[in-house]
Amino acid sequence: MRAVTGSNLQPSRSCTPARRPRRITRLIAGLGLAALAGCAAPPPKDPEALAEYREANDPYESLNRKMYDVSMTLDKYSMRPVAKAYVWAVPYRVRQSLGNMVQTMNEPVVFFNDVGAGKPRRAGDAFVRWCINMVAGVGGLIDVAKYAGYPHHDNDAGLTLATWSVPSGPYLFLPMMGPSSFRDGAGYGIDVGLSPWNYVPRGYGLLTFNWAYNIMGTINGRADHLDALDQLQKDALDPYATIRSAYQQQRKAQAEAIRNDHRATVPDWYN
């Protein structure tokens with residue numbers, strides 16, 4: 001970086017305290033990527049094995065499997081017991097209402113990503129869903145919008161990037177976060193920045209609500225997949241590979257659904 005012009009006594013911009021955290025962050029990120037690159041398995045030379053290698057898109061499989069094992073062990077002794085206790089203690093209808101609230105609170109992120117994907121009709125649906133459920137749905141506890149003809153649809157920054165043909169990059173399994181990729185990992189960071197609930201002011205209990213909302217959403221989400229994950233661990237010959245394949249297929253299908261949504265901007269009832 002260039003130094004600030006003027007007296008030689010003035011420090012360069014790269015040496016100011018405001019710049020040091022950025023340089024340290026970039027250094028750590030660079031070292032992390034370098035270490036990750038060193039964990040990549042070389043492509044096999046056998047044509048059939050090479051085709052499977054490319055289809056899996058998992059050059060860091062050895063490291064990913066270790067992260068998977070760590071995550072499953074942590075989940076076994078932390079999130080799974082909490083989720084089971086949650087299912088036992090909280091009636092289904094209440095859990096469903098709390099899930100509706102979490103979904104409604106995430107609608108602004110869906111809206112911004114629909115706009116970013118260039119899909120105004122989908123963005124309009126997300127906005128209407130948020131308005132209806134926040135008012136008529138008692139803060140999102142009841143999904144009134146679904147019965148009004150506005151069912152929920154998924155979108156996030158990773159999918160938005162996919163609709164703009166940004167490659168996913170290698171598959172990753174992140175501890176306590178699950179399956180991901182370079183693109184989806186970056187998308188998660190973008191979504192955190194898009195969520196208005198991460199900007200709530202201190203005071204009036206809003207910060208406490210934000211923490212409670214995030215914790216409750218995590219527990220509720222784990223409870224929703226309690227039986228499915230238990231069954232997968234029991235029946236699948238290779239649970240890791242099954243999760244990887246299901247995740248990649250789901251993300252591809254979701255991106256295609258967004259890309260192929262060519263509905264007119266104005267709803268049919270308006271005409």
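On one side of helix H12, Asp227, Ala228 and Lys234 are exposed (exposed means over 50% relative accessible area, buried under 20% and partly exposed in between, with a 1.4 Å probe and protein chains only). This is a predicted model, in which local features need pLDDT of at least 70 and side-chain atom pairs count only at pLDDT 80 or more, while totals for chains, interfaces and linings use all residues. Residues are numbered from 1 along each chain as its sequence is written, and side-chain values use heavy atoms, with hydrogens and water left out. Helices (H or I, at least four residues) and strands (E, at least two) are DSSP runs, numbered from the N terminus.

**The buried face of H12**

- Leu226, Leu229 and Leu232 are the buried residues of H12, which spans residues 226–235.
- These buried residues fall within an arc of 135° seen down the helix axis, so they line one face of H12 (the arc is that of the directions from the helix axis to the C-beta atoms).
- An α-helix has 3.6 residues a turn, so residues three or four places apart point the same way.
- The cover over the buried residues of H12 includes helices H4 (79–89), H11 (206–224) and H13 (239–259).

**The largest nonpolar core**

- Nine residues form the largest nonpolar core: Tyr68, Tyr171, Phe173, Leu229, Leu232, Ala236, Tyr240, Ile243 and Tyr247 (a nonpolar core is a set of buried Ala, Val, Leu, Ile, Met, Phe, Trp, Tyr and Cys residues joined through side-chain atoms within 4.5 Å).
- Strand E1 (171–174), H12 and H13 are the elements that give two or more residues to this core.
- H13 gives the most, with three residues.

**Two residues to look at**

- Tyr247 touches Tyr171, Pro179, Ser180, Ser181 and Asp184, not counting residues up to four places away in sequence (contact means heavy atoms within 4.5 Å).
- Arg251 sits in helix H13 and counts as buried because its relative accessibility is 11%.
- Leaving aside neighbours within four places in sequence, Arg251 contacts Asp156, Gly158, Leu159 and Asp184.

- Asn57, in the loop between helix H2 (47–56) and H3, has a phi near 50°, a positive value in a residue other than glycine.
- With 27% relative accessibility, Asn57 counts as partly exposed.
- Ser165, in the loop between helix H9 (157–163) and E1, has a positive phi of about 65° although it is not a glycine.
- With 62% relative accessibility, Ser165 counts as exposed.
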